[in-house]
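Here is a short report for a reader new to this structure. Look over the sequence and the model first, then read on.

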Amino acid sequence: MFSHLVLLAQVAGHTTAAATAHGEAATGISKIIQDFGISWPFFLAQVLNFSVVALILWKFAFKPIVATLDARQQKIASGLTYAEEMQAKLAATAQESAQLIKNAQLDAQKLVEEARRSAKEFAEKQQAEAVSRAGDTLAKAQIAIELEHKKMLDQARTEIARLVIKTTEQVLAKKLTDADRAVYNEAAARELSVL
């Protein structure tokens, strides 16, 4: 390897000599090289060493680091994708939950309305039954009143007839026969029935 470096140094030395032969332009470059203390064999050796170190670093350091960074980037990207999917699923689940709640509220409102309607129908039915029972009771009461009225009228007729007969007996001052009593009873009943 050193033989190659020496060969490169000799070629560089000849190149410098050729450049000095070309004139003034070469003199400016060689002056800069001399001012900065650049030696072509050392420069080429440094370039070769830098290349070898760069190649080793690239192969054993940078390449694994870049691969690790790429793997991390992929994991991060897949994690972000997963997070977006989960966020979409969460939003879908939230929307589904909201729809279920809305459906439940609608069902509850329907049940409440049905209960109200049933209660109203029940109340109306109970009220109709109560009115019917009250009408029946009123009709029975009217029939009972009419019967009681007839009974009272019959009792009053009987009592009036008895009083008429007694009064007639006292006015006439004699005892009436059964036939007379029947005639007076009949006449009193006719008069009372007209009233």
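## Helices and confidence

A helix here is a DSSP run of H or I with at least four residues, and helices are numbered from the N terminus. By that rule, tryptophan 40 sits in helix α3. The model is predicted. It has 4 helices and 0 strands. Along the sequence, the pattern reads α-α-α-α.

How confident is the predictor? The mean pLDDT of the protein is 82. Of its residues, 81% reach 70 or more. Among the elements, α3 has the highest mean pLDDT, 89. Helix α1, residues 2-21, has the lowest, at 51. Where pLDDT is low, the predicted coordinates should not be read in detail.

## Surface and burial

How many of the residues count as buried? Of the 195 residues of the protein, 7% do. Buried means under 20% relative accessible area. The protein exposes about 16,700 Å². Carbon and sulfur atoms supply 65% of that area.

## A nonpolar patch

Which residues make the nonpolar surface patch? They are Ile32, Phe36, Ile38, Trp40, Phe43 and Val47. The patch covers about 580 Å². Two elements give two or more residues to it: α2 (24-36) and α3 (40-172). Helix α3 gives the most, with 3 residues.

Patch residues need over 30% relative accessible area. Tryptophan 40 has 32%, so it counts as partly exposed. Phenylalanine 43 is also in the patch. At 39% relative accessibility, phenylalanine 43 is partly exposed.

## Aromatic pairs

How many aromatic pairs does a search of the whole structure find? The search finds 2. One of them joins tryptophan 40 and phenylalanine 43. Their ring centres are 5.7 Å apart, and their planes lie at 85 degrees. This pair is edge-to-face, because planes over 60 degrees apart count that way. Tryptophan 40 and phenylalanine 43 are 3 residues apart in helix α3, so about one helical turn separates them.

Tryptophan 58 and phenylalanine 62 also form an aromatic pair. Here the distance is 6.5 Å centre to centre, with 45 degrees between the planes. This pair is tilted. Tryptophan 58 and phenylalanine 62 are 4 residues apart in helix α3, and again about one helical turn lies between them. Is tryptophan 58 buried, exposed or partly exposed? Tryptophan 58 is partly exposed, at 48%. Phenylalanine 62 is partly exposed too, with a relative accessible area of 42%.

## The salt bridge

Side chains of opposite charge can pair when their charged atoms come close. A salt bridge needs a side-chain nitrogen of Lys or Arg within 4 Å of a carboxyl oxygen of Asp or Glu. By this rule, the count comes to 1. Which residues form the salt bridge? Arginine 116 forms it with glutamate 113. Their closest N and O atoms are 3.3 Å apart.

Where do these two residues lie along the chain? Arginine 116 and glutamate 113 are in helix α3, 3 residues apart. That spacing means that about one helical turn separates them. Arginine 116 counts as exposed, at 53% relative accessibility. Glutamate 113 is partly exposed, with a relative accessible area of 44%.

Technical notes. Residues are numbered from 1 along each chain as its sequence is written. This is a predicted model: local features need pLDDT of at least 70, side-chain atom pairs count only at pLDDT 80 or more; totals for chains, interfaces and linings use all residues. Side-chain values use heavy atoms; hydrogens and water are left out. Patches are made of residues with over 30% relative accessible area and no salt bridge: like charges are joined within 9 Å, nonpolar side chains (Val, Leu, Ile, Met, Phe, Trp, Tyr) within 5 Å. Accessible areas come from the Shrake-Rupley method with a 1.4 Å probe; for residues, only the protein chains shown count as cover. Buried means under 20% relative accessible area, exposed over 50%, partly exposed in between (1.4 Å probe, protein chains only). pLDDT is the predictor's confidence in each residue, from 0 to 100. Rings of Phe, Tyr and Trp (its six-membered ring) pair if their centres lie within 6.5 Å; planes under 30 degrees apart count as stacked, over 60 as edge-to-face and the rest as tilted.
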